[in-house]
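This briefing concerns a predicted model. The points below are grouped by topic for reference alongside the sequence and coordinates.

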Amino acid sequence: MSERIVVVGFGPVAARLVDELLPAVRSGLVQLLVVGQETEAAYNRVMVAELGVGRTTAEALAMADASELEADGVEVRLGVKVKRIDRARQNIVLSDDSTEHYDRLVFATGSRPVIPNLTGLNPDPSRPVLPAGVTALRDLQDAAVLRAAVADGKRVVVLGGGVLGLETALAASEEGAKATVVHNGPFPLGRSIDRGSGSVLINSLRAGGVRMAGNARSTGVETAGPGGSFSALLLDDGSAIDGDLLVLSCGVRPRIELAEGCGLPVATGILVDHHLRTYHEPHMFAIGDCAEVRCPDAACVDCRTAAGPSGLVGPGWRQAEWLAEYLVVLARDGQAAADALEALPKEKPGVVVLKARGINLAVAGYNQADPWDEELLEAGAASGRARRQISQWADPEHGRYVKMTTRGGVLEGLVAVGMPRTAAELVVLFERSSELPADRSLLLRLDGPDQLDAGATSNDPQRTVCRCAGVSAASIEDSVVEGCSTVGEVSKATRAGTGCGGCHEDIKGIIEKHFQAAAA
């Protein structure tokens, strides 16, 4: 008899798991039920801001089609929530009071936006009721609100200086809105970048038409607009940032309450081992934003310093692909065969990329030490281990900055602003743990006027173009040779560009390069 797998949540990570399990569903090896709280099937939530400024469509963001899945034998329940889980009977109780049985249950509940504790906002983050003109820009309805404001050239205030907030403000400004970013600290992305790159980034954002309000602490929202809608963000110094729409971009928090409510151990996320199994419950798993890979073995070195969920879609997709194989082997060959599989590989440190018209930023790893900060440079240099070294270059007038933090010649961290070719090469070296050339200035020359192409990385077919989906340049080039002529077609064929969207320009470049060569 086939095993019944229930997936709770239907976001991008769940969609990847379902996609990977489809062959097993078609063959009758497993039965699959997907429960989604939203009325829409999975779509690319990371690109909601692009939809909100009119640069893409809801159809382009779609990652699953419920009718097609049902035709393949997948049961899809949309617009319903899981109220509780009965672990003893292996049942879930839905918001429509129906009950469904599971043999295996996968939490893919994702995360919810952080709602700041401001006067005028509901302080309960699990049941936020936001005033008109305030949105967290998390779903398709939020995108429609932003689209209306941008179309009318309204004043958009973005609270939060993370990548998504910055990209939203830039895109809104470019499409005709008046955008302001309000953030703590002297510069945005303060936890990831240093002062030099932060200063260059701020100047680039202002050049892009975005007003920046730094070192600001918000205390409340004013709702004096039409019909009691948002009219201003109030600050602790008594000032206010006037606007017509407030976009909350204050980070996300894993949705763990369902797992916690049925007695599963949680921390920042739902605690799982290296087989993505929840503690003390072999029938239950967690993937994506809600999952925290931290095994209960105190002797595990990898888990000793493990962080919580990354919040990035790429790691979630890799978890989904690994878990699909595990579940198929489990259903087909039994527990012993599944446990014999190699454990989920340790996730590499993430690379954050901000790409907009006129702005290119890449950041990864540790970047807080300065070239003459002896205490931080010596940190970790024990038992023959090399000390940190810093290579730094800045051209604030032209919006360029590069910082490389190395240990033994290998990158521990990087920041590159306004240097796209150098950034691309540094990212490749960082991901491969390769040693940098002794003359670091060779990397800076990639963005020099004598470099007519994209530098060394453009000639490496094995370089990773889409880090979210792990797609190489060679795979994209093959899809173009086989007839793909747009980013959308390449995405359908290879999955490249279906995550954060930061590789879209690179995909376009590969397509254009192919057709230019064909024309010649």
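Leaving aside neighbours within four places in sequence, Glu292 is in contact with Ala267, Thr268, Gly269, Ile270, Leu271, Val272, Ala307, Gly308 and Pro309. Glu292 belongs to strand S21, which spans residues 291-293.

**Surroundings of Glu292**
- The relative accessibility of Glu292 is 2%, so this residue counts as buried, the cut-off being under 20%.
- The contacts of Glu292 beyond four places in sequence include the residues Ala267, Thr268, Gly269, Ile270, Leu271 and Val272.
- Ala307, Gly308 and Pro309 are also among these contacts.

**Pairing of strand S11**
- Strand S10 (residues 155-159) pairs with S11 in the parallel sense, over 5 bridges.
- Within the pairing of S10 and S11, Val156 has Ala179 of S11 as its bridge partner.
- Strand S12 (residues 211-213) runs parallel to S11 and is joined to S11 by 3 bridges.
- Opposite Thr180 stands Arg211 of S12.

- A right-handed β-α-β unit is made by S10, helix H6 (residues 163-174) and S11.
- From S11 the chain crosses through helix H7 (residues 195-207) to S12, and this β-α-β crossover is likewise right-handed.

Methods
Residues numbered from 1 in each chain as written. Predicted model: local features only at pLDDT ≥ 70, side-chain atom pairs only at ≥ 80, totals over all residues. Heavy atoms only, no water. Pairing = 2+ DSSP bridges. Helix = DSSP H or I, 4+ residues; strand = E, 2+ residues; numbered from the N terminus. Right-handed = clockwise from strand over helix to strand, strands pointing away. Buried < 20%, exposed > 50% of the residue type's maximum accessible area, 1.4 Å probe, protein only. Contact = heavy atoms within 4.5 Å.
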